[in-house]
Amino acid sequence: MDTTNFFNDPGHVIEADRAHIWHHLSQHKTYETADPRIMVEGKGLRVWDIKGKEHLDAVSGGVWTVNVGYGRERIGTAIAEAVTKMCFFGGTAGTIPGAQFAEMLVDKMPGLDRVYYANSGSEANEKAFKMVRQISHKHHGGKKYKILYRDRDYHGTTLGALSAGGQDERNAQYGPFAPGFVRVPHCLEYRAENGLTGEAYGHAAAQAIEDVILREGPDTVGALCLEPITAGGGIIVPPKGYWERVQEICEKYDILLHIDEVVCGMGRTGTWFGYQQFGIKPDIVTMAKGVASGYAAISCCVTTNAVFEQFKDDTDKLSYFRDISTFGGCTGGPAAAIENMNILVEEDLLTNSTAMGEHLMGNLAGLMDEHKWIGDIRGMGLFAGAELVTDRDTKEPVDEKYIAAIVADCMNQGVIVGGTNRSVPGYNNTILFAPSLVATKDDMNQVTEAVGNAIKRVLG
Ligand code: PLP
């Protein structure tokens with residue numbers, strides 16, 4: 001095999017990919033007639049594929065990850081320096097970048113103190129679930145083991161995380177799942193079945209969680225695991241009154257509140273973390289994607305000292321957290337995360353996320369006036385969705401094949417947007433936007449113009 005020309009031979013790369021790569025979330029029949037897409041370079045919000053086509057990426061690497069944008073040399077340099085000096089040491093020891101990033105991180109998270117490093121969002125969530133289970137064994141006779149999760153939320157792809165998965169299309173055919181995970185209803189006001197709106201709906205949606213707790217038995221429930229804003233399940237911003245009640249319920253029944261910030265973390269919504277938009281005081285926070293913006297694999301499970309202290313007991317040889325993640329000891333991840341956070345601060349990207357998010361929402365409201373197909377727009381910061389319906393009164397969802405066609409049409413126009421495809425059966429009808437936080441008004445105008453054109457071409 002001659003690899004000398006690999007990088008100069010796009011045809012060879014495409015054929016090697018077609019022959020050997022098993023793409024994520026992909027039906028490979030597609031690649032019998034179409035070429036796989038291969039991305040080769042990025043700068044800011046723009047990426048170039050192997051055929052030289054330029055794209056404006058409005059979903060930060062497809063999966064809402066590249067918060068600081070592409071092509072940040074200083075992150076590459078920081079990784080190179082860290083791994084050249086000390087690439088790795090297993091997590092029973094520490095490293096300088098690991099300690100430095102942990103200190104920077106908890107500084108942005110008042111009330112939280114301890115950082116457990118891992119590699120992916122799924123893995124960070126697994127750590128949290130194991131902590132809850134072990135606390136149950138150590139302090140509650142093994143009884144407080146149930147973990148509640150919400151319809152439409154997603155917490156990852158491993159079997160434990162899928163057991164807490166509220167997106168049935170992601171779960172289908174992978175069961176049986178782990179016992180002790182219990183679903184609570186979603187909090188999407190647009191699809192409220194009780195006719196309530198605003199704060200009244202928020203309180204009712206929180207009450208639905210308490211009802212499940214009472215049904216299961218409060219002394220059997222160890223934790224509630226929620227996304228601050230449901231991401232892939234349809235950009236669901238919880239209504240007013242919801243989080244206050246959820247927090248009260250957790251305190252009332254001594255239930256740990258685990259917030260999954262894998263998507264919303266690192267400035268995505270305009271604050272460091274999504275939970276900070278709602279004044280929540282979580283016990284456990286998990287994060288991944290934007291922590292190093294995809295420049296390195298790193299995730300964190302961050303806890304309060306109160307959670308951490310429950311594992312300190314040298315009279316019981318099983319009571320420490322008996323968990324390990326080999327690559328949680330890499331220095332490249334925290335080195336990248338340090339520079340990532342420095343960029344977010346120096347360029348004031350949280351403020352930009354808020355400002356550009358407002359601009360994007362304004363544009364989407366304009367699209368809504370023009371296109372009867374848009375039933376609802378939702379979002380916070382640079383994280384937004386437009387739900388498409390066939391009729392605004394009945395709210396019948398537009399079939400997912402049209403959403404896929406709209407996404408494909410945008411792609412032809414050189415704009416990458418997302419869709420809630422392959423997640424919630426019957427409701428894969430939302431177009432998603434989560435551009436890098438360096439986005440400008442012009443970028444957002446280009447994105448919304450492309451979506452408007454696509455809706456017109458696909459739906460009329
Ligand atoms: N949690 C949320 C809210 C997510 O959206 C995702 C992935 O999209 C995950 C967890 C899993 O993260 P990862 O793919 O890094 O395992």
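This is a predicted model: local features need pLDDT of at least 70, side-chain atom pairs count only at pLDDT 80 or more; totals for chains, interfaces and linings use all residues.
Residues are numbered from 1 along each chain as its sequence is written. Strands β5 (residues 146–150) and β7 (residues 221–226) run parallel and are joined by four bridges; strands (E, at least two residues) and helices (H or I, at least four) are DSSP runs, numbered from the N terminus.

Both strands belong to an open sheet of seven strands, with mixed pairing and the order β4-β10-β9-β8-β7-β5-β6, where two strands pair if DSSP finds at least two bridges between them. At the edges lie β4 (114–118) and β6, each of which pairs on one side only. On average, neighbouring strands of this sheet are turned by 20° against each other, direction ignored. Helix α5 packs on the sheet, where it touches β4 and β10, and its direction makes about 125° with that of β4; such angles run from 0 to 180 degrees between N-to-C directions, with axes being lines fitted to C-alpha atoms, for helices over the stretch in contact.

Helix α5 (residues 96–107) also packs with helix α12 (residues 332–346), at an angle of about 35° and with the axes 8 Å apart. In this packing P97, G98, Q100, F101 and M104 of α5 meet P334, A335, A337, I338 and M341 of α12, a contact being counted if the C-beta atoms of two residues, placed from the backbone, lie within 7 Å. The residues of this contact divide into eight nonpolar, two polar and no charged; Ala, Val, Leu, Ile, Met, Phe, Trp, Tyr, Cys and Pro count as nonpolar, Asp, Glu, Lys and Arg as charged, and the others, Gly among them, as polar.

The ligand is surrounded by 16 residues, of which S120, G121, S122, G156 and V262 are the closest; a residue is near a molecule if its C-beta atom, placed from the backbone, lies within 6 Å of it. Helix α6 (residues 121–139) gives the most to this shell, with three residues, and by class the shell has six nonpolar, eight polar and two charged residues.

Finally, the loop between α8 (168–171) and β6 (181–184) holds P176, which a cis peptide bond with omega of about 0° joins to G175. Q173 lies in the loop between α8 and β6 as well, and has a positive phi of about 75° although it is not a glycine.
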